[in-house]
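Dear colleague,

I am handing over the structure we spoke about, and below it I set out what was found. Please keep it open while you read.

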Amino acid sequence: MSGTSFLLEKPMELLDRLEAGKRLTEQEFEELLAGWEANGLGTGSLGIPQWQAEFSEALRAKADRVRRREYGNAVYIRGLIECSNYCKNDCYYCGIRRSNRNAQRYRLTEKEILSCCQEGYELGFRTFVLQGGEDGYFTDERVTELARMIKSRWPECALTLSIGEKSREAYEAYFQAGVDRYLLRHETADGCHYRHLHPAEMSMENRMRCLWDLKEIGFQTGAGMMVGAPGQTISCLAKDLVFLQELRPEMVGIGPFLPHHDTPFAGEMAGSVELTLDLLAIVRLMLPKVLLPATTALGTAKADGRERGMRCGANVVMPNLSPSSVRSKYSLYDNKLASGSEAAEGLQMLKESMAAAGFQVVVDRGDCKGFGTGHGQ
Ligand code: 5AD
């Protein structure tokens with residue numbers, strides 16, 4: 001590598017190993033991110049060291065090549081239906097936590113959910129994602145009945161659920177009812193950090209148990225974390241990467257932490273877009289066939305965040321298909337985008353902005369091309 005500063009030699013070698021399908025240790029992942037440490041994970045005023053900036057550029061270019069090799073310039077779209085903002089949990093970062101008395105709670109009816117799917121289908125969506133807080137109204141019976149209805153009306157569409165931690169039996173019932181995919185971000189793989197983000201009644205062990213169950217049952221499974229969440233360190237992120245390397249999820253959701261004014265983290269700083277882009281790129285190299293969304297949080301944090309995410313290895317966007325009357329109520333963090341090209345009806349705008357960035361929105365279920373088997377095999 002002539003012309004490469006010697007400080008870059010080791011991290012570049014680590015990237016080559018990652019790209020060759022080799023596993024890295026927690027310490028090696030820390031080395032890939034070390035330049036971000038001195039600058040408060042990219043949020044400080046110091047700037048990052050020159051070598052890290054050069055390294056990020058090389059890393060992102062590699063990730064772009066790998067995504068191009070695996071998926072070309074396709075952007076897979078998922079219609080996100082936010083079916084309820086009732087939640088029994090009290091995560092400190094989240095705007096729909098149960099203690100937030102200011103949240104205006106809503107729950108979509110079965111009929112409303114089906115009409116969102118119909119609208120989405122007509123717009124060209126072939127994946128529906130039902131996402132919601134952990135709402136007791138949506139019993140396993142109601143969820144499976146809804147899933148059966150959706151799968152029988154739109155058999156060629158993929159159905160994804162993102163409704164939180166459930167028993168293995170519940171997940172099995174959802175799978176039997178035809179649900180294809182399940183998103184459940186692990187949020188953090190560091191026990192101490194987990195307790196900083198969640199009240200004592202929740203546990204990282206149960207979250208991980210859920211993810212392993214989902215994988216074993218046969219769902220295309222999504223995990224992921226926020227970047228720059230309060231209390232996060234490079235060591236937490238390295239543990240996240242080791243966990244993802246073990247689990248080998250088909251999908252990974254990564255976005256910057258953004259504060260919500262009615263949560264205990266109201267006064268905390270937002271996570272760094274640049275560090276988020278590096279993490280997307282690392283995940284693309286580690287799991288070449290992964291479905292990797294350029295998240296709403298990334299688009300909210302920076303106007304061109306999603307397009308930049310695509311250039312760093314992402315290949316999915318999830319426009320909002322919820323009825324417009326409830327969109328502002330599904331407020332996980334402040335200023336969450338839900339209109340323009342973030343909205344399903346703004347699909348034309350999304351197509352244009354993606355085309356301008358060199359990508360093509362496709363009408364396709366967009367399944368993961370090749371399954372991870374878990375346990376790092
Ligand atoms: N900032 C960014 N992302 C958030 N999420 C929840 N609250 C926030 C926040 N304040 C993410 C969590 C959750 C997903 C649905 O949204 O990672 O899993």
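A residue counts as buried when its relative accessible area is under 20%. Please bear in mind that this is a predicted model.

With that cut-off in hand, we can turn to asparagine 85, which sits in the loop between strand S2 (79-84) and helix H4 (110-123). Asparagine 85 has a relative accessible area of 0%, and therefore it is classed as buried. Its side chain has polar atoms facing two backbone oxygens: a polar atom of that side chain lies 2.9 Å from the backbone oxygen of glutamine 104, and a polar atom of the side chain lies 3.0 Å from the backbone oxygen of lysine 329. Leaving aside residues up to four places away in sequence, asparagine 85 touches Ile96, Gln104, Arg105, Tyr106, Lys329 and Tyr330.

The second topic is the ligand. Which residues are around the ligand? They are Tyr93, Cys94, Arg185, Glu187, Met226, Pro256, Phe257, Leu258, Leu332 and Tyr333, and this shell divides into eight nonpolar residues, two charged ones and no polar ones.

Within that shell, a nitrogen atom of the ligand lies 3.0 Å from a backbone N or O atom of tyrosine 93, while a nitrogen atom of the ligand is 2.7 Å from a backbone N or O atom of leucine 258. Glutamate 187 takes part through its side chain, where an N or O atom is 2.5 Å from an oxygen atom of the ligand. On its own the ligand has 400 Å² of accessible area, of which the protein covers 88%.

Terms used
Residues are numbered from 1 along each chain as its sequence is written. This is a predicted model: local features need pLDDT of at least 70, side-chain atom pairs count only at pLDDT 80 or more; totals for chains, interfaces and linings use all residues. Side-chain values use heavy atoms; hydrogens and water are left out. Helices (H or I, at least four residues) and strands (E, at least two) are DSSP runs, numbered from the N terminus. Buried means under 20% relative accessible area, exposed over 50%, partly exposed in between (1.4 Å probe, protein chains only). A polar contact is a pair of N or O atoms within 3.5 Å; within protein, one must be able to donate a hydrogen and the other to accept it, and residues adjacent in sequence count only if both atoms are side-chain atoms. Contact means heavy atoms within 4.5 Å. A residue is near a molecule or strand if one of its heavy atoms lies within 4 Å of it. Accessible areas come from the Shrake-Rupley method with a 1.4 Å probe; for residues, only the protein chains shown count as cover. Ala, Val, Leu, Ile, Met, Phe, Trp, Tyr, Cys and Pro count as nonpolar, Asp, Glu, Lys and Arg as charged, and the others, Gly among them, as polar.
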